[in-house]
Amino acid sequence: MADIAQNKLSIKKLPIGIEDFEKFRKDGFYYVDKTGLIRELLQNPAEVTLFTRPRRFGKSLNMSMMKYFFALGADRELFEGLEIMQEQELCEAYMGKFPVISLSLKDIDAESFETAFQMAAMLVNREAGNHYYLLESDKLTQNEKQAFSELLDRKMDKAVFCGSLELLSRLLWKHHGRKVVILMDEYDVPLARAHAQGYYDEMIVLIRSFFHQAFKTNTSLQFAVLTGCMRISKESIFTGLNNLNMLTIADVRLDECFGFTDEEVRRLLDDFGMSDKYGAVKEWYDGYRFGDVEVYCPWDVINYCALLRSDANARPENYWANSSGNDVVRRFIREAGGSSSIKREIERLIAGELVTKEIHQEITYRDMYSSIDKIWSVLFATGYLTQRGRGEGRSFRLAIPNLEVREIFTSQIMELFKEDARQDGKALDALCQALADGDTMEVQRQLRKYLKKTVSIRDTFARRELKENFYHGMLLGLLAFKGSWAVSSNREAGEGYADILVEVDDDEEPMGIVIEVKYARDGNLDAVCQDALAQIQNRQYADAFYDEEIQKVYKYGIACYKDKCRVMLDRSGSCDGEDSDCGR
């Protein structure tokens, strides 16, 4: 394996979706050194350590890295040039010295408990198969070999499964003369899936017994490391486990070991000749705070850099949102609909402001959606909100981390808004009829009703065009429900691109509607409305209809600010030949 420590730029590859440490190092993938995690775990030992971090922050890669470091016969070349190799005494004492049991529970996703159990049993079966040599061991009795063979049977029963890691640990210790390291990635995924599918109680009983025997009564255990998204309460699955050290996103210890620090991102961008993109990367993907350190989401940074390698002018995209359903945000916004105070708090968060809330870091999946207070805690644990300091007791000052997560909130607000609007057909018809009639006061009244119902965008967090996009999208979503209207967005017209063009098919006289939506940053709705009308006129957006011999065209300027709006109409140039109507 030549020059893997040098990681030469000429062969560097960006590791999208790669979680195997050996593949990283042998195949020339760019690696951000997190091996300091090993030193910290060994210098401050705990029998069982649980790390909770949001998804896509490098948990699985770190677990793979530890497996290759501690496992018997470790390949030292994989670690050449990395931080841990500076700790010579630790490496001599611990590197390649332990049998390792490594499991990832992240793929246990089933509609029924029995299927989920079978999937879990197959994971144990597969891991036991990695130690098939135990069947030939001259240090094990025939009864022990027979017990081990039950772990190789895909039809193992629940009793065998629950004791499987304790048994495998004991046999490995007896064979090798060294206690065992257990690494368990995404420990809480089976519970999350079970809660979603309705077999949570059965899964809790199974996992509690499985963990109890593996981590509490296991005298063959050197130490264990677990990772997950949520800090599940001890009472649910860790009952009686007094040797558990939990390190959450609020803890200072090992806060740099998951996610990319600012220094690491600067170095990565510099290595790939993308330093000019630092501002965009920071704005979109930074802002998470673990302990005392602000970190970026590695998944996002790597994906965006890969995009930039093929398109140097590419704009940031939302990668993190696409790796999950974002149900917690949706439920949060839905729950907030009946509370004006929570609605205002969401508006403050979207505005880039802080909200102070009491956070319960130990919860159960059964209770996580039981109240709006619990949902705040889930949003914090899963990365949709992050801390900007602590208050008294359990309270944290919370914020939306960055533009990417802000976009998740605004998109969910928009989807729920459209769902609610669709259910009120009478109001939609009233809005569309007012637009077709040129009744600006009624258009304005109907739009204000909708704005009052949803979360408004009143922020310094985002650029003006992003705020305009929200109101643009809201209006576009409303008009799209009028099945007989041909609605287009950002269509080339005249000397530019009109926000919204609507062709109303009328047998007597077809008509066109041009809408330009603007955000009134300073609240001066009248002035901004006039600007919108001027833009329609100056850029000749109505030509899109005149070219099709549609002579009746209404041109609307709409200005929005928080939950207020102003609507103005210009009929000039249409066959009506009327003057401008400013909607007063």
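This is a predicted model: local features need pLDDT of at least 70, side-chain atom pairs count only at pLDDT 80 or more; totals for chains, interfaces and linings use all residues.
Close-up 1. F51 stands opposite T227 in β4. Two strands are taken to pair here if DSSP finds at least two bridges between them. Strand β1 (residues 48–52) and β4 run parallel and are joined by five bridges. Residues are numbered from 1 along each chain as its sequence is written, and side-chain values use heavy atoms, with hydrogens and water left out.

**Close-up 2. Strand β4 and its pairing with β3.** Strand β3 (residues 180–185) runs parallel to β4, with five bridges joining the two. Look for I182, whose bridge partner in β4 is A224. β4 itself (residues 221–228) is mostly covered, with seven of its eight residues buried. Buried means under 20% relative accessible area, exposed means over 50%, and partly exposed lies in between (1.4 Å probe, protein chains only).

**Close-up 3. The open sheet β9-β11-β10.** Three strands make up this open sheet, in the order β9-β11-β10 and with antiparallel pairing. Its edge strands, each pairing on one side only, are β9 (355–358) and β10 (386–390). From one strand to the next, the twist averages 45°. Four bridges link β9 with the antiparallel strand β11 (residues 395–399), and V355 stands opposite L398 in β11.

**Close-up 4. Helix α16 on the sheet and beside α15.** Helix α16 (residues 340–350) lies across β9 and β11 and runs at about 125° to β9. Axes are lines fitted to C-alpha atoms, for helices over the stretch in contact, and angles run from 0 to 180 degrees between N-to-C directions. The axes of α15 and α16 come within 8 Å and cross at roughly 135°, so the two helices are oblique to each other. For such angles, under 35 degrees counts as roughly parallel, over 145 as roughly antiparallel, 65 to 115 as roughly perpendicular and the rest as oblique. F332, I333 and A336 of α15 touch I342, K343 and I346 of α16, where contact means heavy atoms within 4.5 Å. By class, this contact has five nonpolar, no polar and one charged residues. Ala, Val, Leu, Ile, Met, Phe, Trp, Tyr, Cys and Pro count as nonpolar, Asp, Glu, Lys and Arg as charged, and the others, Gly among them, as polar.

**Close-up 5. Helix α15 against helix α18.** Helix α15 (residues 327–336) packs on helix α18 (residues 403–422) at an angle of about 55°, with the axes 9 Å apart. These helices are therefore oblique to each other. Among the residues that meet are V329 and R330 of α15 and I408 and F409 of α18. The contact residues divide into seven nonpolar, one polar and five charged.

**Close-up 6. The enclosed helix α17.** Eight of the 10 residues of helix α17 (residues 372–381) are buried, so this helix is largely enclosed by the rest of the structure. I372, W376 and F380 are among the buried residues. Their cover includes α15, α16, β9, β10 and β11.
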